[in-house]
Amino acid sequence: MRHAILAVLVFLSGTLSAAAAEPAIDFAHQIAPILRAHCVKCHTGDKKEGALSLNTRAELLAGGESGPAVVVGKSGASALIERITTTDADLRMPPAEEDPMPAEKIALLKRWIDAGLPWDEGFAFVAPAYEPPLRPRKVDLPPAVGGRTNPIDRILDHYLAERKLARPAPIDDAAFARRSYLDLVGLLPTSEQLDTFLADKREDRRAQLIEQLLADDTAYAEHWLTFWNDLLRNDYAGTGFITGGRKQISRWLYDALAANMPYDRFARELIAPPTDASAGYGEGIKWRGDVSAGATVEIQFAQSVGQTFLGINLKCASCHDSFIDRWKLEESFGLAAIFATAPLEIHRCDKPIGKQAQASWLFPELGQVDPKKPQPERLKQLADLLTHPENGRFTRTIVNRLWHRLMGRGIVHPTDAMQTPPWNADLLDFLAADLAAHDYDLKHTLALIANSAAYQSRVQAVSAGIDDAGYVYAGPRARRLTAEQFVDAVWQITGAAPARYDAPVLRGKVDPAAVAAEKLSGKWIWGQPDAAASPAGETFTFRGTWKLPAAPVQAVSAASCDNSYTLYVANRAVGGSQEWTRVEPIVLTQLLKPGANQILIVASNAGKDPNPAGLFFEARVKTADGATHRFATDDSWECTPEKPDARGRFSRPGKKPKDKDETYQPEWKPVFPVKNGEIWKRQIDDELRTSLVRGLSDERHMVRAALVKSDFLMRSLGRPNRDQIVSVRPAELSTLEAIDLSNGPTLVDALHRFAVGIVKAREYDGPALVDHLFRATLARLPTSDERAAAVELLGRKPTPESVEDLLWALLMLPEFQLVR
């Protein structure tokens, strides 16, 4: 394992050197303008001087009459560089009658060739005549071969046979388990889960595992939340939230995923929100100050709808007619005008052209929006057109995204370039039609892909330039763990997951009938009789005593306070909320004991003027005998205007905070029931009941990285800020990421705490600990050589330092960091 650590260090240092040497080439903004200005007029379309075309990367690599124009990675051996730098007037390009290319542009072209000739996939200087079909298409499936009946395999077996290519070899059960767990629910299989699956002798065990994973609504929702947060640019903090220019859709999105909302309804509720819960997507970000015409809320709406649901890039066409594909400025503004609540003037390159945009849909073949209707009605019309059964582009876009997530490359690639041809139209069209035929059930499509022999094949070995002559399917491609998957895996292995999360959601999925049957017994209370006109900033500490007959097996509370509260149990703060409409279940199982338990709640009013205030608290306990015990705010509670410290203790008046009198208690007075508690009950009772039912659910799930605000580690691992839509995250290791993986405090602290704990517990000897860590990280046992090296690294008596080093080395292995 010492060799593995050295290999990781070499890998990281090599990546760092390459990354730190020069910034990456930006083809669209650095290279394309040079070629357009100096080369393409003579080397594209019908006019290809010397039979050399620069229209696409493949055509450039094909060369011309004089042979190859470029040697990838070697600018010094490339004829292109030779021709633009020569002093021979008969050979120089551009021709002698034009000005020579400036030195700084030549330097950029050299860097571009040396960097591997990066080219935005799908880009062509002269747009191809290809226009994707709009309507769905029924695919006649080829006959099944060798018992491979999955429609995906029937299509791909035919594809491979036509090209005389071998089928990719299958993976074993352990590799399949790791891949399917990570892809479908975003977690590593535990040793127990892996053992259970490997011991299963049923022929359909893989299909059973896929079904089991997709049936875990909580794990599924919390994994796919990452994908949809990126694609809908939803987050819990960041640009726009502080100023009120942006709204989350987190609660709606979480519930939609947990309930597996049909995708057509999902899209309709985002486009034409039935309630405010999903409105934040369309409303975008209201930027502060003056913004360009291409950054208004209306234009953001057009760009978001085009990219998210149709895989269309309307950003260029929001400034001018696109030079990437066929979209026009007026079409972008027409889509934006559907959202507009006032006349919208068209701007070209941020300058008004004196023409008003008319609300219109991009594909009038399916129908059109009535521009005379009010905005809410126009949005409903747009939602119906977008999800129209004859709009095959809607279904093709999402199945292409799901294929990319599970197989490593889109059928149309990149996934936001749906104007370009697919490498297999039958596969794309079948998946799209199949999704619609199964009521737009995204889990069905995921299961169909995961059950295919194609998905269950070995990953393709990918080398530099493999797609230069065009993509050829040869199996799945390995994918990097997302930032959230990596962090979740570390939390799984080390037990370092936080107890709280930031997303304003109620985790899990509960039975609505159970929520409806749950009865609340508590009362809204306050510390003085005129709760309807509580002074701004008024604060009370409330106290209740709960006597339990036995230790709890499960215990949970739910509370709300207009405006904020902090809950203290067992001499410590255990939860609270700054927003009365946000209710989260607070687990109290480890905090309550048999006998008397004191519950303290510090509750505060807010605002600038007197306004209504109130507190509600209710808890449930299940004991080993199956009984359920209830406790809630009522007339028996007491209150004081004094506030406790962080341990729930009070200071005698006149004493310094450090001089605590453990016996001191303030004067407690009876509470007052709030007469107008109905003003909150109508809005919050369902949340309170749901929290209690959900909190007592038998399901207990680790807090997931997708539910917490991004931190330095996750940002360095590629989690975006989400002020823009991100459909695909970077696949390359960045300098920042390499440094943070090497010695970032978040990762180092988690590994250290785990190592100290596992050495202290003395649960494993050296070889057993090695086996445990390999199975936890790689879902396999080590080879004999790996085990010997790892045991040697741990030493005769494992220390926290040696355990930490071994686990770090395993986490850095490509085998861990890739879904393969």
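Author: **A helix, its end, and beyond**

Helices here are DSSP runs of H or I with at least four residues, strands are runs of E with at least two, and both are numbered from the N terminus. The model is predicted: local features need pLDDT of at least 70, side-chain atom pairs count only at pLDDT 80 or more, and totals for chains, interfaces and linings use all residues. Residues are numbered from 1 along each chain as its sequence is written, and side-chain values use heavy atoms, with hydrogens and water left out.

Now the helix itself. α17 covers residues 392-407, 16 residues in total. Of its 16 residues, 15 are buried (under 20% relative accessible area; exposed is over 50%, partly exposed in between; 1.4 Å probe, protein chains only). The helix is therefore largely enclosed by the rest of the structure.

R409 forms a salt bridge (a side-chain nitrogen of Lys or Arg within 4 Å of a carboxyl oxygen of Asp or Glu) with D467. Their closest N and O atoms are 3.9 Å apart. R409 lies in the loop between α17 and α18 (425-437), and D467 in the loop between α19 (442-450) and β5 (479-480), so the pair ties together parts that are 58 residues apart in sequence. R409 counts as buried at 8% relative accessibility. D467 counts as partly exposed, at 26%.

Other salt bridges follow. A search of the whole structure finds 50. One joins D276 to K247, with the closest N and O atoms 2.6 Å apart. That pair links distant parts of the chain, 29 residues apart: D276 in the loop between α12 (263-271) and α13 (280-283), K247 in the loop between α10 (217-232) and α11 (250-258). K247 is partly exposed at 32% relative accessibility.

R689 and D686 meet in a salt bridge, 2.3 Å from N to O. Both lie in α22 (residues 678-695), three residues apart, about one turn of the helix. R689 is buried at 16%, whereas D686 is partly exposed at 48%. Elsewhere, salt bridges that share partners join D230, D235, E484, R719, R722 and R729 into one network.

Next, the strands. β8 (residues 552-562) pairs with β13 in the antiparallel sense over ten bridges (DSSP must find at least two for strands to pair). A555 stands opposite V621 in β13. β13 also pairs with β14 (residues 628-632), antiparallel, over five bridges. There E618 has A632 of β14 as its bridge partner. β13 and β14 form a hairpin with four residues between them, and G626 in the turn has a positive phi of about 90°. Nine of the ten residues of β13 (residues 614-623) are buried, so this strand is largely enclosed by the rest of the structure.

Last, E815 in helix α29 (residues 814-817). E815 is partly exposed at 26% relative accessibility. It touches R178, L778, R780 and R820 (heavy atoms within 4.5 Å), not counting residues up to four places away in sequence. Its side chain makes a polar contact of 2.7 Å with the side chain of R780. Such a contact is a pair of N or O atoms within 3.5 Å; within protein, one must be able to donate a hydrogen and the other to accept it, and residues adjacent in sequence count only if both atoms are side-chain atoms. E815 and T777 are 38 residues apart in sequence and 9.0 Å apart in space, C-alpha to C-alpha.

Key. Expected span 1.5 Å × (residues − 1).
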